Amino acid sequence: MTFTLTRRTVLAAAAAALTLGNPAWAEQKVAESIHFLIPGGAGGGWDGTARGTGEALTKAGLVGTASFENMSGGGGGKAIGYLIENADSSHGTLMVNSTPIVIRSLTGVFPHSFRDLTLVAGTIGDYAAIVVGKDSPINSMEDLLKAYQANPRKTAIGGGSVPGGMDHLVAAMVMKAAGEDPTAVKYIPYDAGGKAMAALLSGEISALSTGFSEAVDLANAGEVKIIGVTADERVAAYETAPTMKEQGIDTSFVNWRGFFAAPGLPEAKLAQYQAAIAKMYDTPEWEEVRARNGWVNIHNSGDDFKTFLEGQEKAIGDLMKELGFL
Amino acid sequence: MLEGLLIGLSTAFSLTNILMVIGGCLIGTFIGMLPGLGPMSIIAIMIPVAISLGDPSAALILLAGVYYGAIFGGSTSSILLNAPGVAGTVASSFDGYPMARAGKAGKALTIAAIASFAGGTIGALLLMVFAPALSSVALLFHSAEYFALMVVGLSAIAAFAGTGQVAKAILMTLLGLIMATVGEGALFNMPRFTMGVMDLQSGFSFITLAMAMFALPEALFLVMNPPKAGGNSGEGKIKDLRISRAEARQIAPVIGRQSLQGFFIGVLPGAGATIASFLGYAVERNLSTKEEQAEFGKGSVKGLAAPETANNAACTGSFVPLLTLGIPGSGTTAILLGALVALNVTPGPRLMIDEPQIFWAVIISMYIGNLILLVLNLPLIPYIAKVLEVPRNYLIPFILFFTLMGAYIGQNNATELLILVGFGFCATLLRFADYPLAPLLIGFILGSMLEDNFARSMQLYDGLGFLLERPMTLALLVLAAILVVLPSYRARRARAKADGVAEGD
């Protein structure tokens, strides 16, 4: 099927597809091109998300061409600032971001927040997990809590983020839900996931707060036991890992990744991007990219995305205040 | 093990995989030679190619080839242009560049090639025999020991403190340590010392600083100090590859020791080629005789062979935690791990059992790769060294172009260029005032690791208790003290002796 569509017909098609929800449109081009702005360097999580999404969208024929631009600086803040400053000329741009935009806006590291941007959609996510070394005597959250109560100073929890960063917040959130004082938990930060892992295996730390997909890789390699996942129900990718909730710790957390556009983006353009992303989930091309990276589909479009972000901002903000970071 | 070896041999010697090794080494070497492009960016570029191959053995062999090709090529830009593109080859420029300046570029590159080959090959042999056993050694090191190891690494600056420069060397080291604190560290929620400048939030980048300290002042120096009319005495020798028998005798034990030492440092996750090269340099300087010590920093063959052997052995060593524990010890191996996972290979204790062909094929390909690098590079050295014969009005713009490109390409951030030029200007002034710039870079590279590990140990032990509770930490700190104090003690004793002779007259 070779169609050459002009920009106008594409727009009309996108609008039609959106209003009618006609599945027959699924294989047709929804947008001519998308320029992905990546706030970090090549090889990171943002980079992989943007390039994987672009690959699936173009291969599935939903988008004509995708281009990518890495703009590091300010831990991601520079790209946000750039998109806002050049809003009028950036209608063809989608910026990838994730949970840190919420955390860093709260701490003021980013002068802007998600409210200054046009929310397109949250596309994928990853739960968080607490893991212990394979030879550790700890086998459940209950064991970890017992060890912690017996000797809080020697039961350190490590993670790959700064204090007040995501891994720390997850550890604090879990300990708080388990009835402990989150400010008393000894959190040891490592600058990269690999070093935190080495510290766990060497016994320097008792448990590690990390992303679930990373934890699954390590569990499959026989290195760690996953003692708790922050999902509401057990995750299909690793059924044996118990959730926090089933162990009586009422907490859940999702590290999302998604896309933002320049403020003041025309409605039609926004609808077009959202339609392209919504259709992407049904394509085999996306399934291939998703499976290769171990991502979990968590789709929040437009207003749902806003509600989700506001909820997360509130939960994280409250916790950070309690921990003394705000 | 023999069975695994046979599987590995049959996998590695397939036509595709041999082509992968050759291709990887070639690409790695040639891109690595460009100043400012380190193995990390080259591997990141090559990953899509490797993944499209589909076969995990072939992909890993290709990427490993690129990796040691890049380290190998990286020393070329360190030696010829004083423009190290990766922290692991900074130490190679300490003596390699003075040798090249003295017209012995061919010899310097030959020594680097042979030292790299020996380091890589002995490393691969150790990897083959000890990998399973060593995975537990890698876990003996806690943050406290890493902190102590960084202190030992800092003792390398003693080499620049010679001839009355002690205060200057210490000052520059401190400046480097201070510069390492800029930006968001691993331990603090807030950016430090950024003065509100958003581009400083991630701190200074290594490449930018290395280019500003070494390559840029060098290029400016070349502009400002035209060679004297008769200064071409080095001509003709540039292409001379021969190493005299005396020199061979000098470097043989260095290569032997540093292959071992470098490999074991490389096994520790997070230490890697950089620490191995600095430590190798410091240790070999201390083991040398007084006459040889005076040569260090001015073109010593030992001073070049030590870091070159050590960094290659360490690169091989870093495959131990990667393959046996699934722990990436460096940024580069972290990217390799990502590629492996994308290929559905999970490195870890079960890799050797579940997929022995991958494990062994990689090790066998390391031998082949090292051999190919040697065979490939020795005949090319005269041509590569000829870079120095390029007329300076062509060479200097070339250096400047790649220096600027290298600083920009890693971050895609034009502010890096301003930082580069600003620091390059300051560095040139410091050079005029005869301040050694290498200690600054050593301080900067080790600074953040030093601080992070120290702070973590303090947190874990609620204070300085780790110094006494962990014997290995104490032992390493004592070693560092010896490495710093011994040379000055020796120098003082020698002076006292000389004075004594004078008095006796």
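How many residues of domain 1 of chain A are in contact with domain 2 of chain A, and how many of domain 2 take part? In this predicted model, 14 residues of domain 1 are in contact with 15 residues of domain 2.

## Domains of chain A

Domain 1 of chain A is made of two segments, 13-126 and 254-323, while domain 2 spans 127-247. Taken over C-alpha atoms, the centres of the two domains are separated by 29 Å.

## Interface between the domains

Domain 1 and domain 2 of chain A bury about 1,200 Å² between them, and carbon and sulfur atoms give 73% of that area. On the domain 1 side, A:Asp126, A:Leu319 and A:Leu323 supply 45% of the buried area, more than any other three residues.

One salt bridge is counted between the two domains; the side chains of A:Glu322 and A:Lys176 meet in a salt bridge at 3.0 Å, N to O. Three residue pairs are in polar contact across this interface, with both residues at pLDDT 80 or more. Strands E4 (118-133), E9 (254-261) and E10 (296-301) and helix H11 (302-323) of chain A each give two or more residues to the domain 1 side. H11(A) gives the most, with five residues. By class, the domain 1 side divides into eight nonpolar, four polar and two charged residues.

## Interface between chains A and B

Between the chains, 40 residues of chain B are in contact with 39 residues of chain A. The area buried between chain B and chain A is about 3,200 Å², with 53% of it on carbon and sulfur atoms. In chain B, the residues that lose the most area to chain A are B:Asn189, B:Met198 and B:Leu460, together 19% of what that side buries.

Three salt bridges are counted between chain B and chain A. A:Arg153 and B:Asp462 meet through their side chains in a salt bridge of 2.9 Å, N to O. Helices H14 (319-325), H15 (331-342) and H20 (438-460) of chain B each supply at least two residues of the side that touches chain A, and H20(B) gives the most, with four. That side of chain B has 18 nonpolar, 16 polar and six charged residues.

## Confidence

The predictor gives the complex an ipTM of 0.77 and a pTM of 0.80. Chain B averages a pLDDT of 82, and 91% of its residues score at least 70.

Over residues 228-235 of chain B, pLDDT stays under 50, and the model has one contact beyond four places in sequence for this stretch.

Terms used:
Residues are numbered from 1 along each chain as its sequence is written. Chains are lettered from A and ligands numbered from 1 in the order in which they are written. Side-chain values use heavy atoms; hydrogens and water are left out. Contact means heavy atoms within 4.5 Å. Buried area is the accessible area (1.4 Å probe) that two parts lose on being put together, summed over both. A salt bridge is a side-chain nitrogen of Lys or Arg within 4 Å of a carboxyl oxygen of Asp or Glu. Ala, Val, Leu, Ile, Met, Phe, Trp, Tyr, Cys and Pro count as nonpolar, Asp, Glu, Lys and Arg as charged, and the others, Gly among them, as polar. pLDDT is the predictor's confidence in each residue, from 0 to 100. Domain bounds come from an automatic or database domain assignment. A polar contact is a pair of N or O atoms within 3.5 Å; within protein, one must be able to donate a hydrogen and the other to accept it, and residues adjacent in sequence count only if both atoms are side-chain atoms.
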